[in-house]
Amino acid sequence: MPTQKSILVTGCAGFIGANFVREFKKRYPKTEIIGIDNFSTGRRDALDKQITFYPHTKRGLVSSARTKGDPRYGVGVYEGSICDRKLLEKIFKKHRPAYVFHFAALPQVSYSVEHPAETTEVNVFGTVLLLEMARDYKVKRFIHSSSSAVYGDAKELPTKEGSKLLHPRSPYGLQKYTNEPFLKMFSDLYSLDSVALRYFNVFGPGQYGGSAYATVICNWLEGLYFRHKGKPFLESDGKQSRDFCYVKNVVDANIKAMKVKGSLRGETINIGHGKRTTLIEVRKLVERYTGKELNLERRPTRLGDVRHTHADISKAWRLLGYLPLIDFETGLRETVEWFEERRK
Ligand SMILES: NC(=O)c1ccc[n+]([C@@H]2O[C@H](COP(=O)([O-])OP(=O)(O)OC[C@H]3O[C@@H](n4cnc5c(N)ncnc54)[C@H](O)[C@@H]3O)[C@@H](O)[C@H]2O)c1
């Protein structure tokens, strides 16, 4: 598993994609990993220099890293966009990936509110184009990154996938929601097997704070360890809560989704921790693990902010055998260690 020699990872230089590549390489050292990323938010330093090579660059050059290791078992990163049909054709034709792990997206909610067309192009058109390639090149399973943003302000907590009350509140949420019936349709029309994993509030090493997209955990840690980046703040009363999911659990869910026998037929599955934590509790834990006092600037509630998120993960257990491997507190401690390392 996988029996074919290659997998494709889109958004391989992003927060979740880079964590995924690292873990996958550990578990399946002999499988060729092919990545595609346009580095719009992804970072080159997220990729391990020792094994990363660039089979295709804008100048048509091959990076020297390729000649050092055995490129068949390295991580070959194509720099370019998932909206570039020619590039995708080249990649699929050459590598014939057995599985596609689709992380690439423009995931900032606020950016999608300002740029609904641009984000729809990447998040919807880019996804459908990849599905088309996966269909044409007989990919075994397409594993898609969806989001709890499809629920909007969920009325039912913990939230089940079957909830009829889906009210995405941003173009980003709507784009992620739109992808899901496409997955099902590709399964019905062309027998392309797929699954949509709806991640909840992912945090962990590799998530840089200071963006509207990062979790409050990484935003606060960024403020604590890199004071020049601005004062950390708390919106509302701190009693709002989130189902914070540690990135290693998300990575594990993706690998479990690959390994499931039989067909998943475009199922949508929540991937979270299955518990929620209030921001007041997060603050206490951050102070305990960092040994620092967290002075938070108080701000009013952000318009449209969701009060609570909480995933019902029973379907993930039933279909994938998924349970969070790492609990919230351990994940938080490992994240603090990563910030400490960065500051050195
Ligand atoms: N982080 C979370 O809390 C969370 C929650 C739910 C869902 N998700 C989803 O998980 C996936 C990964 O999220 P992340 O947190 O790692 O985000 P990220 O921004 O760190 O990673 C996204 C990657 O996609 C790349 N990318 C963007 N547009 C591209 C394009 N046109 N062509 C090729 N590459 C492109 C970026 O450069 C980046 O490396 C996304 O699909 C996101 O919507 C994330």
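Here is a walk through the model, from its sheet to its helices and then its ligand.

What you see is a predicted model, where local features need pLDDT of at least 70, side-chain atom pairs count only at pLDDT 80 or more, and totals for chains, interfaces and linings use all residues. Residues are numbered from 1 along each chain as its sequence is written.

Let's start with the sheet. It is open, has eight strands in the order E3-E4-E2-E1-E5-E6-E7-E12, and its pairing is parallel. Strands here are DSSP runs of E with at least two residues, helices are runs of H or I with at least four, and both are numbered from the N terminus. Two strands pair if DSSP finds at least two bridges between them. At the edges, E3 (52-53) and E12 (267-271) each pair on one side only. Elsewhere, E1 (residues 6-10) and E5 (residues 99-102) are joined by four bridges, and Val-9 has Phe-101 in E5 as its bridge partner.

Now for the helices. H5 packs on the sheet and touches E1, E5 and E6; contact means C-beta atoms, placed from the backbone, within 7 Å. Arg-85, Leu-88, Glu-89 and Phe-92 of H3 meet Leu-129, Leu-130 and Met-133 of H5.

Finally, the ligand. Which residues come nearest to it? Of the 28 residues around the ligand, they are Gly-11, Gly-14, Gly-42, Ala-105 and Val-202; a residue counts as near if its C-beta atom, placed from the backbone, lies within 6 Å. Helix H1 gives the most to this shell, with three residues.

How values were computed
Two residues are in contact if their C-beta atoms, placed from the backbone, lie within 7 Å. Axes are lines fitted to C-alpha atoms, for helices over the stretch in contact, and angles run from 0 to 180 degrees between N-to-C directions.
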